[in-house]
Structures are given as C-alpha cells and as structure tokens.
Amino acid sequence: MSDRYDAIVVGAGHNGLVCASLLAKAGKKVLVLEANSQVGGAAVTRSFADGYSVSSVAHLLYQLQPQVIKDLGLNIETVSNNMGTIALSADGNHVRFNGDEVSGVGDEDVAQFRDFRKRMTRFAKLLKTFLNKTPPRLANDASKSDLFTLAQLGLDIRRLGKVEMQEFLRLIGMNMRDEVAERFDSALLRGAISLDAVMGTHLGPRSPNTILTYLYRLAGGDGAISQPSGGMSSVAEALAHSARENGATIRTNMKVKRIVIENGRAAGVETEDGERFSSWLVVSNADPKSTIMNLVQARHVETEFTHRIHHLRMRGNAAKLHLALDGLPTIPGVEKREYADRFVIAPDDQYVERAFNNAKYGETSVKPVFEICFPSFRDASLAPTGKHVMSAIVQYVPFELREGWSDKTHSAFEKLAIETLAEYMPDLADRVTASELLTPADIEEQFHIHGGHWHHGELTMDQFLFTRPVGGAAQYAMPLDGLYLCGAGAHPGGGVSGAAGRNAARAILKSGYSL
Amino acid sequence: MTIQEVPQGRLRSPFYPRQADLDRLFQWHDWKGYASAEGFYDTTLEYFSVRNSAGVFDLTPMTKYRITGPDSLVYINRLVTRDMSKIKPGRVAYAVWCDDEGQVIDDGTIFHLKQGEYRLCSQERHMAWLQMSAIGMDVTIVDETEEVCGLALQGPTSCSILKAMGIEGIENLRPFGMATYAFQDTEIMISRTGFTGDLGYEVWLSNDKALDLWDAMFDAGKIYGIMAMGTEALEHARIEAGFIAAYVDFLPANVTVRTGRSRSPFELGLDWLVDFKKPNFNGRRALAREKRNGSTWQLVKLDIEGNKPAHHSYIYSTSKGKKDVGFITSAAWSPVCKQNVALGTVRSPHGKVGEKLYVEIYYQREMHWSKMMAEATVVDKPFWDPPRKRATPPGPF
C-alpha cells in the first residue's frame, strides 16, 4: 500500500512551496517531493567554493507578491532594500538609477526618464492586477467570472484615458530599442534599459515584445530590488517553514520519475527509486514541457495540446557566473558604499542587440552583457571575513551551443566573461580565487528546468496571460484530470514572485476539489 | 545538388494501361493526386457487377501509411478511438480518429501487418496529423501510397475468382482478416475488406506486379462476370451498405472553419468504435463530456417512400415541413434493395430508430421543377447486408 495524500506537489521550487503551504493551510494533506537536497528550486543559496555561498540562479528579489507574504504570514529578512542600479562605463562616467531618478546624463534625458518611468509604471500597474488572478478562459464555455475578468482588463485599459490607451496599445507589442532610441541621448541609459527588457529571455532589444518583458519585471514590485539575507534560500526556507507549519510534508532528494496515470487521470507519482505516492491531485512545479513530455508522457494527453507544449519556446540564454574574490575589485568611479548596488554592463542598446546576434546562431556572445551584484558586501554570511562574492547574470549564453557544451567551451566562455568584466574592473582577474559558471545547460541539469529557462517558457505575447503556458490550459488545470501546474510556466511567469503558486492553489481550491 | 523529377499533373496508377484499354467514358477525376475513373463503360452496369458477379476497383490512390517502431501500438491506440490492442496481427480494423475536441478527422482501416507493424489506409492524406500525434513517441511513419498498389475485388463471385487464380485457402479468410498468399513468383497481401457491404477482398502488392495481377484476375474472372468499376458505382454500393464518406457525410474536423460543422463519432453513429475502457485516446475527454451531455447531431439511415432519390433534401419532423431538423448527405435508389435509401444528419433528439421523418424531394420533369414531401423511416441496419458478407467459407457463386 502506498501513502495517500490529498495533493502531491512535484518540486519544492518557491512556487511549489507557496502552493503546498496554501493547500495545507486549507486543510489538505500535502506532500512535496523535491529532487535536489535543498528546497527552493532555482531560488536557492549554494556553496560554490570553500566558505563562499551565493544565490545560484535567481539572485535578486524583485517581485515577491505582498499577497503571498500576507497569506502565509512570511517574514523575509533583507540585507538591502531598494538597491540602486549603476550602468558601468569603461571610462568611469557611470549612469546611476534610483527609482524614477537617473544621474550622470543630460537634463533632457533626466526629464525623459521620469516621463518614461511614469508611463511604464502606469502600464505595469495595469498588468499587476492580473498577476494574482487566474487568466480568464476565452472559449465558448467561458464562465461569468471569466467574462468579468476579461471585461475588467478591457475597462482598465480604457480607463487609462484616450492618449495613454493608445500609447499602451502602441507600446505593448513593440521592441524596447525603438522606444529608448526615440527618447534618450545617453547610450548607457539606452543600454541599461534595454538590458532590463531582455534579461532571462531569448530576445534582443530589437525583438518585438521586449516592452512587455520590461513591464513584467516592473509589474512585480514597482521596480524595487532587494537582496534577502543569506541569499535566496532564506526565501525558500521561509516558505518551506510555512508549508510545514501548515502541515505539509516536504521530502528532499526525491526525484519524481513519472506522474502515475490511472483511468485517464492523475493518480499519484513514482520516484526514481521506485517509491509510489498516491493522490488524486498532482500539482507540478516543474516546467510545462518536463511535466507533460517527461512526467506525464504524450500518450496520456491530447495530440494538439502535446504539440503546443512541445513547441513552447523555452531556450535559456542567461548564464550565472559566480566568483570568489579575495577582496572587492576596483571599479573606477564607484564609491565603496555603492558596492551594495546592482551593476549592469550594457554600454548601449546596439551592444546588447549585437550580444544577442551570436545567440541566434548558437554561439555565445563575443561581448556579453551582465547584471552584477556583490551579495557579500551587505551579507557577511556569504563569504569569509574580508573576502567577497560576485554574482552575475551573463547573456547571451545559448542552451544549445552549436559547438556543444564541453569543458573546453565552458571554460572558454568563463574566461571571456571575466575578461569582459575586467574592462570595467581592472584588477578583477587577480582577485578571483574560485569560480562557477552555470550555463543554461547546467541549469537544466542541476535545477531540472527544460532549456534552463528561468521563466519556464519565454514570456512573449503568444505565451502570456490567456495562452500561458498554452491556449486551453491557462487556468492551472491541465487537460488531464487531477493535474495542475503551479510553476513559472503557468501565468504569470518567472521571477521569485510566488504568484503562480498562489494562483494555482486558489484555482485548485475554487474548483471544489475534494477527495 | 541533385534535382529530383517530380511528377507533373495527376499520377497514374500502375493499373492505368489496362484501365485505359477498357475505358469508354473518359471520365476521370482527381483523388489525392491520382487520376481515378468515375466509370469505364456504364456505371449502372458496373454497379450491378458488384452485386451480381464481381467488380474491380483500383485502390491505389488510397493513402497508405506504414507505422512501425517500439511505440507503434501505444501510438495507434492513442490515435484512434477503438481499442487496437484487441486487433491481433493478421487482422484489420475499421477506425476513426479525432482531434482534441473529439471531432472526427477521418475514418479508415488499420492493418496489423505483423507484431508492432501497422498500415493505416484512408481516403484523405494525414501525414501532418500523424506526425503531430507522434510527438513524444518512438514511431516511424512512412507514406507508402506510391509504393503499394491495390485492387478491390468485390461481389459474390470474388472468392471464386481468387480461387480460380490459384490463391490457395482464400475461402478460409474471415471478414476483416488478412494474409499473404503466393502469387506467381511473388507474395501478395489479401484482406477480406471493402467498401461495398458485400463479399469482397482487397489485394495489395508492389507496383511491379500490378499488371500481372490485373491480367490474372481478369483471365480467371472472365466466366465469373468480372468487370472494372469506377467511383460512381462504388459510391452507389457504399450508400446501400450504409458506409459514410469524408466530405460527403461529414467534413474532416481539421478543414471545418465554423464551429459546429464537424462531427463526433457519436454523431456519425459510430458509438461502437469508441472505447472508454482502453487507455487514453485523442478526444477522450471531449467525448466523455459529450456522452454525459448528449450529442447535437445524429447520423441516420433513412428508408424513404417513392423512388426519387432525396438528394440534398431538408429533413422535417412533420409533413407540414415548417421547421427542418436536418438534411440528407447521401441518397440513392437502390435497385438491389428496391428501396429509396439515404444517409442524413438530424438534430438530436431526432433520429431514433423507427422515427418517421419527412424529406422534401425536388425533382425535375422536362425542365420544370416539382417537389414532394416523402415519409422517411429511420432504420438501424445497413440497407444491403447479405449473409455471404459474413460467411466463411463464403460459398461458391
């Protein structure tokens, strides 16, 4: 006899934990199975060198939803809130961002930036109301609440007023490059905004849809950036604690091999070790492709649905570079206190686009772009005394390298990345005592995300809202009885927000699911 | 770069040289890229050959897919609505396949050639759908339409003709059975299948032996009244047999644009092909829902008074003809049944067996149009269903 649960959550990623905790809170007997030894999925702190730890994939907190924090009564300690951003220039004339303010650029740019932010924030607010809602169904059998939600979206857009509504509709499908080129003189300013628009995507600033990705980032938390104390694991641990408090069981080192299907419905899971757990409700925190193609298998679901899932675009392009440093590197023109901020290397929008060019053809960027922070600057727990950790997101690093990922290509890119950084931090190379590069291929292998894509699927119009992950399955329930999706592949998408997990739990509870 | 010759215009079946010799009507049409004859000498005569002796129909344009690989059974079983695990090697199954919404894409026959190896035959081409269905499965799908040719030999004397050709043991082949037989210095595959609702066989072979087969069959068949037939005679026969045809009695779901214009297996009267006990198949969820909530349409076989075929007629529930409840999709006067028969589609809950409906038949007399309201009775059995169709051995005719 196998153990029977009300719900089994596959994967203890942050969304899985949010979902598990909320289901447990509603009185369900919940089991969470995590393949890795730590909970958190891609929101996790790991040691990468003796004495040095870092948030392995996600490293900054943008958008953990207040609703999640409130529902679960979380208390997340942060070491730095509202981090500023510094767009680095090789000549030391950096551009500094803080909220709606920018410095280091001309007066016209300052005014333009304020206007740009005002508009973007207004549009982001519109999206924000939808982050914590189940997208409405558009099918013939749409319910009243679906139609109401849809009407609300239309009304919200209309309420922007005539001019702003036109602007919204003009911008929403557009590319970021056109917008920044129209507004700003400063190349650094254009570059930094372009980078924010394309982070974690397989898109360049000239790709359509990059305003939407920018808005999505902004929508989560009005653009405020913070760093949790002890790295991302503290978020994951807080969520796991909440789930356990609510009565959920979390088991790590339990890799789910398949979702058991009986009589055309989900009936439980089987782990790699052959252990079976029964439940009429399986909630997958894994990405949609892994969930359907590997855990469920195509034969158990419909053909057209399989086809849509199979064709989900989810080619990861962002790598993580972690450096153990025997001291902070010198960055000309940056004051000591500013090491608590976030740095970006994206000298102009064309540079970012060119960095993407290589990735289109399966090559790594010759001149990559970076988002950098020094988590140990404010958090001494992450490195030995006097020493530091650098955490950087590096783009573009294709999941499928044409040459193939090997030790040789891996270390060649790591070398190139450090050399590029050294153009802004002259003494960096001498300070590196250990390093770790996680390519999307490594992220797939270590964090079990197909394509190593942190959004579990490109965040583009065709994979957004009503059609996330795919049309006909955007309400968390998959077209297989008893199977739900609760990860970033479901609406609204990636980032450590907990929105997908919370929405999924609410959809499950609302469906009147009972044993 | 090598340049591959692509045949221009319509393809000719390997039987074409013999067909051309016989052809007196010169009525050819396109069937999925092939030239297919509507008739050769007289379509009525050809029709009677099927019912009274034997007719030969060229099956070559039938789309044929070879499906192999470790997942072939799992694949086929997910593709079609019936349980294919029950179809052993050497058996043939009539099946339908549906889209995700449980709407019929097409029907066809599936030959279980040998363990794990299948051939799917259908009127339409389906490579895109079959490939899409193969995502996540280890199967290989090869279109072998042009490599395999076939003749349908249908009618009461068909078994005798094959016997006279020296096909040993053909009389023991059961309906929906298939086997390979020695023919001259090669092997041919014969299945006891057909589209006429009568005793009949389909012979499949490689193109190079096509003319030898034709010659042997017509030599042996001379005293058994063998006759080449075209699609018009076949169309007549299939209506009598109550068989449905794509683009006539239903539209493949993937070509419909308007909602509600496609049909589910239930709506086509194919309930017996839908097996909810077997593992998942495409359209299962939608069909289970339909089963619970009821279908919108019902395909009916109608026995209509009078002798004027009810082509394209509206169907009414009363003789007043105020509100139509459906329409005729196929109609014919059946000489062999002495019945005015038709297939039609009516809105549920109409269509119960025994129900009296009315069809509005328009007909022309010396240019002038007339119309009549004819009573039509819903029947459940095929109009033409002779015992010899099922008998093994079928007996000498």
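Biologist: In which segment of chain B is Ile3(B) found?

Modeller: In this predicted model, Ile3(B) is found in the segment before helix 1 (16–22) of chain B.

Biologist: Why does Ile3(B) count as exposed?

Modeller: A residue is called exposed if 12 or fewer other C-beta atoms lie within 10 Å of its own, and because Ile3(B) has 5 C-beta neighbours inside 10 Å, Ile3(B) counts as exposed.

Biologist: What makes a set of residues a nonpolar core, and which residues have the most contacts inside the largest one?

Modeller: The members must be buried residues of the listed nonpolar kinds, joined through C-beta atoms within 7 Å; the largest such core has 161 residues, and Val32(A), Leu215(A) and Ala504(A) have the most contacts inside it. Helix 3 (residues 107–131) of chain A supplies the largest share of this core, eight residues. Apart from this core lies another, of 103 residues, including Tyr75(B) and Trp384(B).

Biologist: Which residues does Leu215(A) touch, not counting residues up to four places away in sequence?

Modeller: Leu215(A) touches Met120(A), Phe123(A), Ala124(A) and Leu127(A).

Biologist: How many residues does the contact take from chain A and from chain B?

Modeller: The contact takes 14 residues from chain A and 13 residues from chain B. On the side of chain A that touches chain B, helix 11 (residues 303–310) gives the most, with six residues, and that side divides into four nonpolar, seven polar and three charged residues.

How values were computed. Residues numbered from 1 in each chain as written. Chains lettered and ligands numbered in written order. Predicted model: local features only at pLDDT ≥ 70, side-chain atom pairs only at ≥ 80, totals over all residues. Buried ≥ 20, exposed ≤ 12 C-beta atoms within 10 Å, placed from the backbone. Helix = DSSP H or I, 4+ residues; strand = E, 2+ residues; numbered from the N terminus. Contact = placed C-beta atoms within 7 Å. Nonpolar A, V, L, I, M, F, W, Y, C, P; charged D, E, K, R; others polar.
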